[in-house]
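This report describes selected features of the structure shown below.

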Amino acid sequence: MSMEYAVLILLLPLVTFLLLGLVGTRFSARTAGLIGSGVLAVVACLAYVTAWNYFSMPRVEGVRVPVVPLNFEWLHFTDQLHIDLGILLDPISVMMLVVITTVSLMVHLYSLGYMKGERGFQRYYAFLSLFTFSMLGLVVATNIFQTYIFWELVGVSSYLLIGFYYTKPEAVAASKKAFIVTRFADLGFLIGILLLSYFTGTFSFERLTSGDASVFADAAGVTFLGGSVIAWAVALIFIGCAGKSAMFPLHIWLPDAMEGPTPVSALIHAATMVVAGVYLVARLFPVYFFQAPEVLVMIAVVGAFTSLYAAVVACVQTDIKRVLAFSTISQIGFMMVALGVSGMEGHEGLGYMASMFHLFTHAMFKALLFLGAGAIIHAVHSNEMKYMGGLRRQMPITHLTFLIACLAISGIPPFSGFFSKDEILAACFEFSPWMGGIMSFIAALTAFYMFRLYYNIFWAQPAVHEPGHEPHEAPANMTIPLVILAAISCVAGFIPFGHFVSADGQSLTTHLEGSVAVTSVVIACVAIGIATVLYRKGTNPVPAHLAERFKGLHKAAYHRFYIDEFYQFVTHRIIFRYISRPIAWFDRHVIDGALNGLAWSAQRLSYAIRGLQSGQIQQYAYVFLLGTLIIVVLVLWV
Amino acid sequence: MEIRLEYYLIISTIMLFAGIYGFITRRNLLAVLISVELMLNSVDINFAAFNRYLFPDAMEGFFFALFAIGVSAAETAVAIAITINIYRNIRNIQVHHLDTMKH
């Protein structure tokens, strides 16, 4: 089946970006917002049609085959090695198309209300379109270089949107931090791409993941520090993924990125861009699995550690967006772990499928959480928990949808998070009981900090608000996206996901692992129970006592275990002082000095000889005569 | 007494250097012009003398001298015209005052 119309999914947001970016200020804010949202609604419909057509295609020998409706050569190096631009439709890219367009559409609609009256409304919608275009281009890339191009494009749109309030110094600093940290990680990514393409002679995902071992024949026997060169290449690519997906220790940019507008956090820093790393690992999964299984173990360990770290930090944060940011980091850790512990064939590939499933459900409920948080921040004009409390009466719709999202992320049936998280835990237990135990503990922590957040916002002691500024429910164009996302979070768990997406393309039928499911639900309920006892009334003295008792730990966790301070120390005290300063001195005094010296001497010389250019012909004739005489004398007597 | 080729050459050399000296030292534009004429005429003498003494059967030297005289007459006419125009403009034909173009 031809699916050339898929190219419109990419082009329409790009056209919107150009339109709103170039002449957006000619439109009123409302028109610009409606253009952006309307185009995105069309794009979302196209994505659904694409998904429908793709998944209704017959399987070939039980496998879903990728479709490439469009591919053209962009840069030609050799007959084997060329950079293409194209569209690759396979189960995960189609799944991502649906996720991105859905969340993006919700965010577009929500922003109509949330950003109302903001300066630069048109610019905001232009950037949202740019981001949507880049993200869609990233997921449908046919080759790793195209992925890299769009990878940088989402990075730059994230930078632009974090720094949307460019008059706020924190926002500017946060956008710079996000850009520099991810750019730094992308250096690893680029080296990885170059290594991989040098040894395999191709950028194409289809060639790389075909399972054809001859692709890697040239790399056989090439090792570096005990690892095969392909393992190094994919490990470097994973560094890029870790930067984008905020894996420890490159996670530092994500909490700061919350300085951007809240819908942007929902779209970019919760649902779509930050899972690009997970997506890329999934995209190259056969390469990891067959060529570098040791890197997969590393991915699992990094994912588990990040997940644990972020969950602990999330338990003590007081800014609601930061809690959600750390929760996002923790959940992405879950996805990475699931990929790391996954196998390839049949039931072995449970982790892969669970990771993609969790990516899907997480995008929905985390976007819902962020949009709900946006509605709350909109109502109380603060991010701090202490200015909230008791909001369940004033904001009933937000309260209900937020509760659904909290239940989903905590893994309570029948909400979507339960199913995906349960499969991740099952995959972890199959990998090793230790991994399963740790991830179950993190799942309990997740339930605890989410309900701590929930009770602090909606129950506890109502904060005192100035008269005339009482919180009120958000307008309809903000609550409707919340309701839609909540509905998706309720039913998404029942999608037979293994039927659509699996590691080997075969249909994978999953069934609930009784023991794992019961245990995880029980511990989630216990964690929620603890949170209820501690935070529901808001008067329980135990949390304060605990904070006092474990003061050092509490303070360290509140300051995110001083990772940012460590980076600050390394960059400012060591790199800036001992590397950058001397280099800057060398540049300014030696290199610039040499050139300035040349210019200076040329200038002095010209001053010295400019008297010769007198304009007096007779003087020239005199010199000319003298010269002639000297030549004559030389010719005759020398 | 026989008049030899060298005599002509001595005369023309003296004229040439007198012309060069005048060209370099005179301040009046007309005097500079006369010096240039002196140099040209010294060359004409050389042409005629060489033709007469070394190649008595040929006529090229005489013709070349005639051409040079014609060209120098035209050049003098132009130069005189320029000089008159300069005088009309700045009421002066001293060479070291003609520095308007320099600034």
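## Contact between the chains

In this predicted model, chain B contributes 7 residues to the contact and chain A contributes 6 residues. On the side of chain B that touches chain A, 4 residues are nonpolar, 1 is polar and 2 are charged.

## Nonpolar cores

The largest nonpolar core holds 220 residues, and the members that touch the most others are Val234(A), Val281(A) and Ala367(A). Helix 15 of chain A, spanning residues 350-380, supplies the largest share of this core, with 21 residues.

Once neighbours within four places in sequence are set aside, the contacts of Ala367(A) are Val103(A), Met106(A), Ala266(A), Ala270(A), Ala271(A) and Leu485(A).

## Chain B

Chain B contains 3 helices and 0 strands, and its pattern along the sequence reads α-α-α. The radius of gyration of chain B is 17 Å, whereas the globule rule gives 13 Å for 103 residues; the former is well over the latter, so chain B is more spread out than a compact globule.

Along the principal axes, the C-alpha trace of chain B spans about 55 × 25 × 25 Å. Buried residues make up 13% of the 103 residues in chain B. Among contacts in chain B with a separation of 6 or more, 49% join residues 24 or more positions apart.

## Helix 26 of chain A

Helix 26 of chain A covers residues 617-637, a run of 21 residues. The distance from its first C-alpha to its last is 30 Å, close to the 30 Å expected at 1.5 Å a residue. Is this helix buried or hardly covered? Helix 26 of chain A is hardly covered, since the count of buried residues among its 21 residues is 0.

Pro293(A) belongs to helix 13 of chain A, which comprises residues 293-314. Within 10 Å of Pro293(A) there are 13 other C-beta atoms. A residue counts as buried at 20 or more such atoms and as exposed at 12 or fewer, so Pro293(A), with 13, is partly exposed.

Pro293(A) and Ala231(A) stand 62 residues apart along the chain, and their C-alpha atoms are separated by 8.2 Å.

Notes
Residues are numbered from 1 along each chain as its sequence is written. Chains are lettered from A and ligands numbered from 1 in the order in which they are written. This is a predicted model: local features need pLDDT of at least 70, side-chain atom pairs count only at pLDDT 80 or more; totals for chains, interfaces and linings use all residues. Two residues are in contact if their C-beta atoms, placed from the backbone, lie within 7 Å. Ala, Val, Leu, Ile, Met, Phe, Trp, Tyr, Cys and Pro count as nonpolar, Asp, Glu, Lys and Arg as charged, and the others, Gly among them, as polar. A nonpolar core is a set of buried Ala, Val, Leu, Ile, Met, Phe, Trp, Tyr and Cys residues joined through C-beta atoms within 7 Å. Helices (H or I, at least four residues) and strands (E, at least two) are DSSP runs, numbered from the N terminus. The expected span of a helix is 1.5 Å times one less than its number of residues. The radius of gyration is taken over C-alpha atoms; the globule rule is 2.2 Å times the number of residues to the power 0.38.
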